[in-house]
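Please look over the sequence and the model shown here before reading on. The paragraphs that follow lead from a single side chain to the sheet around it, and then to the helices and loops.

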Amino acid sequence: MLPLYITSGEPAGIGPDICLSLANRQFERPIVVLIDGDLIKQRAQQLKLNVELVEYVDQTEAAPIGQLYIESIPLNSTVVAGQLNADNAAYVLEQLRRSADYAMSGKSVGVATAPVQKSIINEAGIHFSGHTEYYQEFAGVPRVVMMLATKTLRVALATTHLALRDVPDAITPERLHQVIDILIHDLKSKFKIEHPHILVCGLNPHAGEGGYLGMEEIEVINPVLESYRAQGINMSLSLPADTLFTPENLKDADAVLAMYHDQGLPVLKSQGFGEAINITLGLPFIRTSVDHGTALSLAGTGLAKSSSLHVAVDLALDLARQ
């Protein structure tokens with residue numbers, strides 16, 4: 001049975017800690033953590049965890065409780081929990097490269113990712129915007145969509161890691177068509193929602209208030225949305241984001257499309273931080289992720305919560321099953 005790979009992320013953060021928690025459960029297929037073998041042993045000792053670490057070699061069975069499959073990738077420098085080191089940036093990217101290569105070549109069902117520290121990778125002289133953009137480039141697809149989800153809310157993003165001043169110029173008809181096509185396709189194919197109902201945030205306050213607060217809704221966003229509505233897609237026109245996320249509006253929605261990162265995600269994370277997950281739509285393989293950062297101050301303390309990683313793994317397995 002094909003495995004699901006887990007990237008352990010920034011070695012000085014809580015990635016190794018939360019990956020160790022996977023040994024507390026038995027899964028339906030092998031779960032393999034990409035990590036330096038000595039690092040995860042040291043972190044287990046630091047956390048006083050009795051976990052049997054087994055190097056993965058084409059096993060077909062899930063590991064029993066108390067055992068964790070790993071594929072060891074050597075660190076470039078010794079790690080101290082909580083202390084970033086740019087020397088290990090290449091180690092982090094090797095995790096991503098292997099996970100993508102295995103998924104693209106049919107050696108795995110996909111990947112779930114623990115958090116990385118973008119700043120230290122860039123400090124090492126490697127341009128890195130994030131997991132989403134990395135996997136998009138590796139897969140060679142023109143567009144992917146970041147979607148975060150809780151048990152009751154899914155929020156997709158028209159733009160991801162952009163400075164706020166750059167967002168309006170990035171909201172083009174071409175981008176919106178690409179994003180919406182991917183969102184509709186994956187809601188149908190991955191989540192088995194035959195006729196998705198999608199609500200769309202405007203870019204400006206009050207969705208532009210008829211042009212008084214901005215013309216993007218009138219000139220760019222709504223014409224695109226009208227083209228989908230004409231095809232029978234159950235999609236709103238641009239709505240004011242400050243009222244879109246009320247329970248009354250959300251009760252029948254399958255997903256919300258937000259125009260930029262901090263428009264939609266604060267609402268979602270306020271509902272379910274630590275229980276939410278990130279899904280990259282539009283890739284030719286399954287990729288889910290935690291909804292939090294590296295939490296350097298918690299690394300090695302035993303205080304890190306692993307619930308988001310477990311939800312990400314469960315969703316990846318569920319999508320693989322479908």
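A residue is called buried when its relative accessible area is under 20%, exposed when that value is over 50%, and partly exposed in between. This is a predicted model, and the values discussed below should be read with that in mind. With a relative accessible area of 11%, Glu-71 falls under the 20% cut-off and therefore counts as buried. Glu-71 belongs to strand E4, and its side chain makes a polar contact, at 2.8 Å, with the side chain of Arg-98. When neighbours within four places in sequence are left aside, Glu-71 is in contact with Arg-98 and Tyr-102, with Tyr-5 and Glu-55, and with the run Val-32, Val-33, Leu-34 and Ile-35.

What is the order of the strands in the open sheet? Its 12 strands follow one another as E3-E4-E2-E1-E5-E12-E11-E6-E7-E10-E8-E9, and the pairing is mixed. The edges are formed by strand E3, residues 52-55, and strand E9, residues 234-239, each of which pairs on one side only. From one strand to the next, the twist averages 25°. Strands of a sheet pair through backbone hydrogen bonds, in either a parallel or an antiparallel sense. The parallel sense is found between strand E8 (residues 197-201) and strand E10 (residues 255-258), which pair over 3 bridges, and here Ile-198 stands opposite Ala-255 in E10.

Helix H2, residues 37-46, touches strand E2 (31-35), E3 and strand E4 (67-72), and its direction makes about 145° with that of E4. Helix H12, residues 307-321, touches strand E1 (4-7), E2, strand E5 (110-113), strand E11 (277-281) and strand E12 (286-290), with a direction that makes about 165° with that of E12.

Helix H5, residues 131-139, is largely enclosed by the rest of the structure, because 7 of its 9 residues are buried. The buried residues are His-131, Thr-132, Glu-133, Tyr-134, Tyr-135, Gln-136 and Ala-139, and they pack against E1, E5, strand E6 (145-149), E11 and E12, as well as against helix H3 (89-104). After H5 comes Gly-140, whose phi is positive, near 70°.

Positive phi values also occur away from glycine. Most residues other than glycine have a negative phi. Asp-58, however, has a positive phi near 55°; this residue is found in the loop between E3 and E4, and at 67% relative accessibility Asp-58 counts as exposed. Glu-209 likewise has a positive phi, of about 50°, although it is not a glycine. Glu-209 lies in the loop between E8 and helix H8 (216-229), where its relative accessibility of 40% makes it partly exposed.

The cysteines remain to be considered. How many disulfides does a search of the whole structure find? The search finds 0. Cys-19 is buried, with a relative accessible area of 0%, and Cys-201 is buried with a relative accessible area of 0%.

Definitions and conventions:
Residues numbered from 1 in each chain as written. Predicted model: local features only at pLDDT ≥ 70, side-chain atom pairs only at ≥ 80, totals over all residues. Heavy atoms only, no water. Pairing = 2+ DSSP bridges. Helix = DSSP H or I, 4+ residues; strand = E, 2+ residues; numbered from the N terminus. Axes fitted to C-alpha atoms, helices over the stretch in contact; angles between N-to-C directions. Contact = heavy atoms within 4.5 Å. Buried < 20%, exposed > 50% of the residue type's maximum accessible area, 1.4 Å probe, protein only. Disulfide = S-S within 2.5 Å. Polar contact = N/O pair within 3.5 Å; in protein donor to acceptor, adjacent residues only side chain to side chain.
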